[in-house]
Amino acid sequence: MAIDDVVNSPQAASPPEKKEEPKKISTLESVLGEVDDLFNLSVATAAPIAGFALTGNAGVLATSGAYVAATKGKKDSRVIRNESLSGALFGTFAHYTLLPLNYIGSAIRKVAYMIPWVFGANAFYMAEDHLIKERSPKGLYKKFKENYLNIIKKAFMLPAPLNILSALFLPQQYLVAAGAVTGYLFRRFVAGGKGEEQTDKTPY
């Protein structure tokens with residue numbers, strides 16, 4: 001065989017590719033991963049139960065579940081933990097901040113109470129959600145500056161009017177569950193983006 005034939009042959013031009021072996025996970029890494037998953041799922045379970053025990057309002061459980069169910073993208077144990085905890089905290093907040101509706105008689109007064117409540121509820125959600133997922137207040141001011149007004153605008157496009165109407169016709173103990181439903185619908189079918197990195201997914 002001539003030298004040119006050897007140089008130009010397919011075997012010479014393209015040496016066989018080496019197949020990359022999948023990265024092996026050690027037994028220790030596997031155990032630590034399972035422990036981490038168990039911890040995350042324990043927090044995800046305990047948070048709404050604690051909120052329900054504190055308030056006696058099943059809407060806290062519904063809000064926690066709605067946050068997890070409506071989250072787009074990958075749902076690993078960390079995402080489930082964060083969303084469940086965030087929902088439990090917001091559901092507890094909603095329960096106590098909506099209690100005054102029991103003592104407000106007229107529909108006009110209820111509307112007057114609920115409109116500023118929307119502003120406060122979204123501020124609370126943004127703060128607690130950021131602290132849970134970032135574990136630090138760093139970047140919170142920037143997030144508010146860049147996203148808060150946009151979130152309020154989106155809130156008044158759908159969930160806020162529904163929640164205000166609910167306040168006019170439903171007893172206070174059912175308002176948290178009603179908010180969980182509207183939050184799920186908005187988050188799942190209206191809000192853009194996916195996954196827990198979304199910054200404006202739960203207006204109220």
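Guide: Helix α6 crosses α8 in a right-handed sense. Keep in mind that the model is predicted. The two helices pack at an angle of about 145°. Their axes are 9 Å apart. On the α6 side, the contact is made by Ala107, Lys110, Val111, Met114, Ile115 and Val118. On the α8 side, Ala160, Asn163, Ile164, Ala167 and Leu168 take part. By class, the residues of this contact divide into nine nonpolar, one polar and one charged.

An α-helix has 3.6 residues a turn, so residues three or four places apart point the same way.

Now the charged side chains. The count of salt bridges comes to two. One of them joins lysine 133 and glutamate 83, at 2.8 Å from N to O. Lysine 133 lies in α6 and glutamate 83 in helix α5, so this pair ties together parts that are 50 residues apart in sequence. The other salt bridge pairs aspartate 129 with lysine 133. Here, too, the closest N and O atoms are 2.8 Å apart. Aspartate 129 and lysine 133 both sit in α6, four residues apart, so about one helical turn separates them. Put together, Glu83, Asp129 and Lys133 form a linked network of salt bridges.

Are these side chains buried or exposed? Lysine 133 and glutamate 83 are both buried. For lysine 133 the relative accessibility is 17%, so it counts as buried, the cut-off being under 20%. Aspartate 129 has 6% relative accessibility and therefore counts as buried as well.

Last, the surroundings. Helix α6 (107–134) is among the elements that cover the buried residues of α9. Others in that cover include α4 (59–70), α5 (77–97), α7 (140–155) and α8 (159–169). The buried residues of α9 are Leu175, Val176, Ala178, Gly179, Ala180, Thr182, Gly183, Phe186 and Arg187. Helix α9 itself runs over residues 175–189. At 1.5 Å a residue, its 15 residues should span 21 Å. The C-alpha atoms at its ends are 21 Å apart, which agrees.

Terms used: Residues are numbered from 1 along each chain as its sequence is written. This is a predicted model: local features need pLDDT of at least 70, side-chain atom pairs count only at pLDDT 80 or more; totals for chains, interfaces and linings use all residues. Side-chain values use heavy atoms; hydrogens and water are left out. The expected span of a helix is 1.5 Å times one less than its number of residues. Buried means under 20% relative accessible area, exposed over 50%, partly exposed in between (1.4 Å probe, protein chains only). Contact means heavy atoms within 4.5 Å. A salt bridge is a side-chain nitrogen of Lys or Arg within 4 Å of a carboxyl oxygen of Asp or Glu. Axes are lines fitted to C-alpha atoms, for helices over the stretch in contact, and angles run from 0 to 180 degrees between N-to-C directions. A crossing is left-handed if the near helix is turned anticlockwise from the far one by less than a right angle, and right-handed if clockwise. Ala, Val, Leu, Ile, Met, Phe, Trp, Tyr, Cys and Pro count as nonpolar, Asp, Glu, Lys and Arg as charged, and the others, Gly among them, as polar.
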